[in-house]
Amino acid sequence: MWMTRVVALCLLAFVVSAEDKKLSSHANTLADNSANLAFSLYQKMAQDKNTENIVVSPVVVASSLGLVALGGKASTASQVKTVLSADKLKDEHLHAGLSELLSEVSDVNTRNSTWKINNRLYGPSSVTFADDFVKTSKKHYNYDHLKINFRDKRSAVNSINEWAAKSTDGKLPEITKDVQNPDGAMIVNAMFFKRKCR
């Protein structure tokens, strides 16, 4: 029960933070919708009796979906917008709004906290990322891109975990024990949050 309260407080803090600064109407809509999506995800995940700790970051979930929309075809972007309850937003407003939210929650000058959000898209070594996609995903979502040999599972897992540990100053030494699809891509987010005491 206490975890429900913690997640609820984190989500509420995210939504309230969107009100602190004057965000665009797109970003405000996405903040509200992302929080609702995160609550839904939490409720689903909490039903699994084997799950002990659940942390859901609305902005990380939404920005990961935004990356999928950016790299996918029109039907994929449409599906992402449906999941985010943002069907009426144009693609450029979706990406600009999510970018604005990421910048807002990561801004150490307006927060009394350290919040590092690092993102990486791993693709199989046989794939070449389109230059425009790399540039745009870096601009809007601060994603790095790396080709990796998923067929060498041990090496792939070690590479991903080393990146996560480095990205979080050693606070998150392991984020995966396995890679499932050797021919697919993998979106990885490493997040570190520390509230500064007043």
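Which side chains meet in a salt bridge at 3.0 Å, N to O, with K177 as one partner? The side chains of K177 and E174 do. A salt bridge here is a side-chain nitrogen of Lys or Arg within 4 Å of a carboxyl oxygen of Asp or Glu.

This is a predicted model; local features need pLDDT of at least 70, side-chain atom pairs count only at pLDDT 80 or more, and totals for chains, interfaces and linings use all residues. Residues are numbered from 1 along each chain as its sequence is written, and side-chain values use heavy atoms, with hydrogens and water left out.

**Overall layout**

- The protein chain has 7 helices and 3 strands. Helices (H or I, at least four residues) and strands (E, at least two) are DSSP runs, numbered from the N terminus.
- Read from the N terminus, the elements run α-α-α-α-α-β-α-β-α-β.
- The protein chain has 198 residues, and 40% of them count as buried. Buried means under 20% relative accessible area, exposed means over 50%, and partly exposed is in between (1.4 Å probe, protein chains only).
- Take the contacts in the protein chain with a separation of 6 or more: 64% of them join residues 24 or more positions apart. Contact means heavy atoms within 4.5 Å.

**Nonpolar cores**

- The largest nonpolar core has 27 residues. Such a core is a set of buried Ala, Val, Leu, Ile, Met, Phe, Trp, Tyr and Cys residues joined through side-chain atoms within 4.5 Å.
- L30, V59, L84, L98, L101 and I117 have the most contacts inside this core.
- Two or more residues of this core come from each of α2 (25-46), α3 (58-71), α4, α5, β1 (113-124) and α6.
- Another core, of 11 residues, lies apart from the largest one. Its members include I148, A156, W163 and V179.

- A77, V80 and K81 are buried in α4. They sit on the same side of α4, because they cover an arc of only 100° around the axis. The arc is that of the directions from the helix axis to the C-beta atoms.
- An α-helix has 3.6 residues a turn, so residues three or four places apart point the same way.
- The cover over the buried residues of α4 includes α3 and α5.
- Just after α4, S85 takes a positive phi of about 55°. S85 is in the loop between α4 (74-83) and α5 (91-106).
- Most residues other than glycine have a negative phi.
- D169 is not a glycine either, and its phi is also positive, near 55°. D169 lies in the loop between α7 (153-167) and β3 (186-195), and it counts as exposed at 52% relative accessibility.

**S137, a buried serine**

- S137 is found in helix α6 (residues 131-141). Its relative accessible area is 0%, so S137 is buried.
- The side chain of S137 makes a polar contact with the side chain of H145, at 2.7 Å. A polar contact is a pair of N or O atoms within 3.5 Å; within protein, one must be able to donate a hydrogen and the other to accept it, and residues adjacent in sequence count only if both atoms are side-chain atoms.
- A polar atom of the S137 side chain also lies 2.8 Å from the backbone oxygen of F133.
- Leaving aside neighbours within four places in sequence, S137 is in contact with L67, L70, N142, Y143 and H145.

**Salt bridges**

- The count comes to 5 salt bridges.
- Side chains of opposite charge can pair when their charged atoms come close.
- K138 forms a salt bridge with D144, with the closest N and O atoms 3.0 Å apart. K138 is partly exposed at 38%, and D144 is partly exposed at 30%.
- D183 forms a salt bridge with R151, with the closest N and O atoms 2.6 Å apart. D183 lies in the loop between α7 and β3 and R151 in the loop between β2 (143-148) and α7, so this pair ties together parts that are 32 residues apart in sequence.
- D183 is exposed at 52%, and R151 is exposed at 57%.
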